[in-house]
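Open your viewer and get ready to click along. We'll go from stop to stop, and at each one you'll hear what to select and what to look for.

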Amino acid sequence: AVHSTWRHPFKFTFSDNNERVMMSRLAVVFGGSRGIGRAVSQLLAQRGHRVVVLSRNKETAQVTAASLPGEKHLGLSCDVSKEEDVQRAFETISKTCGTVGYLVNAAGINRDALLLRSKSEDMLSVLHTNLLGSMLTCRGALRSMLSHGGAIVNIGSVVGVKGNSGQCVYSASKAGLEGFTRSLAKEVATRNIRVNLVAPGLIRTDMTAGLEKEDAVRRIPLGCFGEPAEVAHAVLFLLESPYITGQLLLVDGGLQLAL
Ligand code: NDP
C-alpha cells in the first residue's frame, strides 16, 4: 500500500519500504532550449515529468523538446521580457497540458560592460529579461499553482551575491531575483508553493563561451567550470525538497569563497 507521509497534497508519496513513488508533473522551463535550462529539461524528462521548453527561438525550443526522453513534451516560443508573450504561453500551456507543477526560470542574458560604458537599452534588456521576466513567469505559473501547490526555482548567479566589476547591471538583476525569491516564498507558502534560487558560478554554456581561460579557472577552488547538468541536479533537488523554501543554493565549485 502507498501512503502519504506529508500534510499537504503537493508532496511526495512513499511506499511501505520508504522508496519514493514517482509522481509525474508538468514542468515549465523558460530558457529551456540551451545551456542550463536544457540540462534541467533533460533531467526532468528523465525523471518522468512532462516538460514545456520555452525560448525566444521557437525552432530551438521544439528541437530540444523533441530530443527529450519520453513523449508529450512541448516546445514553445516566448520572450519572457514581453508580458503578452508570457500570458499567451500560459494560456497555451493550460489549454493543452493542464496544471503547472514545476516552474524553472533559466532564461537570462548578459551585456557585460563597465557602468560608464553601459547603454541604457542594454541595461533595460538585462533587467527586463533576467528580473522582470522571472516575475512575469512566476505570476503566470502561480495562477495555475494556487489550487494545487507547486515549486519554483529561479536561476540567479554568484555575481548577484558577490558582485563583479563589469557586471553591475547583470549583478543587480540577479540580486533583485534573490529578494524577489524570498518575498514570493513568504507570499505563497500557505498555498503550498515553494520558491527557491539556484546561483551558479561559471558554467560551460554559450553564455560563457571564450571565458574558460586559465586565470578564470584558477580562481575556482574546485579547479574547473561547472557543467549544465551539475546545476540541473541542484535545481531538481530544490524542486523535489518538500520542506525547503526561500533558500539560495550556490552551485559554483566554491567560487564564492574566492571572491
Ligand atoms: P545560455 O545563453 O546558454 O541560454 C540561455 C537560454 O535562455 C536560452 O534557452 C535562450 O534561448 C533563453 N533566453 C534568453 N533570453 C530569453 C528571453 N528574453 N525569453 C526567453 N528565453 C530567453 O545561458 P546559460 O544556460 O548559461 O544561462 C542560464 C541562466 O543561468 C541565465 O539566467 C544566466 O544568467 C544564469 N547563469 C549562468 C551562468 C553561466 O556560467 N553560464 C552563471 C550564473 C548564472 P533564446 O536565445 O532562443 O531565447
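Here is a tour of this structure, stop by stop.

**Before you click**

What you see is a predicted model, in which local features need pLDDT of at least 70 and side-chain atom pairs count only at pLDDT 80 or more, while totals for chains, interfaces and linings use all residues. Residue numbers start from 1 along each chain, following the sequence as written.

The labels H and S stand for helices and strands: helices (H or I, at least four residues) and strands (E, at least two) are DSSP runs, numbered from the N terminus.

**Stop 1: the sheet**

Switch to cartoon view and find the open sheet of 7 strands, which run in the order S6-S5-S4-S7-S8-S9-S10 with parallel pairing. Two strands count as paired if DSSP finds at least two bridges between them. Which strands sit at the edges? They are strand S6 (74-77) and strand S10 (248-251), each pairing on one side only. On average, neighbouring strands here are turned by 20° against each other, direction ignored. For angles like this one, axes are lines fitted to C-alpha atoms (for helices over the stretch in contact), and values run from 0 to 180 degrees between N-to-C directions.

**Stop 2: strand S4**

Select residues 26-30, which make up strand S4; 5 of its 5 residues are buried. Buried means that 20 or more other C-beta atoms lie within 10 Å of a residue's own; exposed means 12 or fewer, partly exposed is in between, and C-beta atoms are placed from the backbone. Show the side chains: Leu26, Val28 and Phe30 point one way, while Ala27 and Val29 point the other way.

Look for arginine 50 in S5, standing opposite leucine 26.

**Stop 3: the core**

Stay with valine 28. Skipping neighbours within four places in sequence, valine 28 is in contact with Val52, Ile93, Val100, Tyr102, Leu103 and Ala141. Contact here means that the C-beta atoms, placed from the backbone, lie within 7 Å.

Which members of the largest nonpolar core touch the most other members? Of its 67 residues, they are Val28, Val29, Val40, Val198 and Val235. A nonpolar core is a set of buried Ala, Val, Leu, Ile, Met, Phe, Trp, Tyr and Cys residues joined through C-beta atoms within 7 Å. In soluble globular proteins, nonpolar side chains tend to be buried together.

**Stop 4**

Slide over to S9 (193-200), which pairs with S10 in the parallel sense over 4 bridges. Click leucine 197 and then its bridge partner in S10, leucine 248. Next select residues 228-240: this is helix H8, lying across strand S7 (102-105), strand S8 (150-155), S9 and S10, and running at about 160° to S9.

**Stop 5: around the ligand**

Which residues come nearest to the ligand? Of the 31 around it, they are Gly31, Gly35, Arg56, Gly108 and Thr205. A residue is near a molecule if its C-beta atom, placed from the backbone, lies within 6 Å of it. Colour this shell by class and you get 12 nonpolar, 15 polar and 4 charged residues. The classes work like this: Ala, Val, Leu, Ile, Met, Phe, Trp, Tyr, Cys and Pro are nonpolar, Asp, Glu, Lys and Arg are charged, and the others, Gly among them, are polar. Helix H1 (35-46) and helix H4 (120-145) each supply at least two shell residues.

While you're at helix H4, click serine 144. Serine 144 counts as buried because it has 20 C-beta neighbours inside 10 Å. Beyond four places in sequence, serine 144 touches Ser94, Thr99 and Val100.

**Stop 6: the loops**

Select the loop between helix H6 (168-188) and S9, where you'll find threonine 190 and asparagine 192. Are they buried or exposed? Threonine 190 is exposed because it has 7 other C-beta atoms within 10 Å, whereas asparagine 192 is buried, with 21.

Check the backbone too: phi of asparagine 192 is near 60°, a positive value. Most residues other than glycine have a negative phi. Another positive phi, near 70°, belongs to lysine 72, in the loop between helix H2 (58-67) and S6. Lysine 72 is partly exposed, with 14 other C-beta atoms within 10 Å.

Key:
Two residues are in contact if their C-beta atoms, placed from the backbone, lie within 7 Å.
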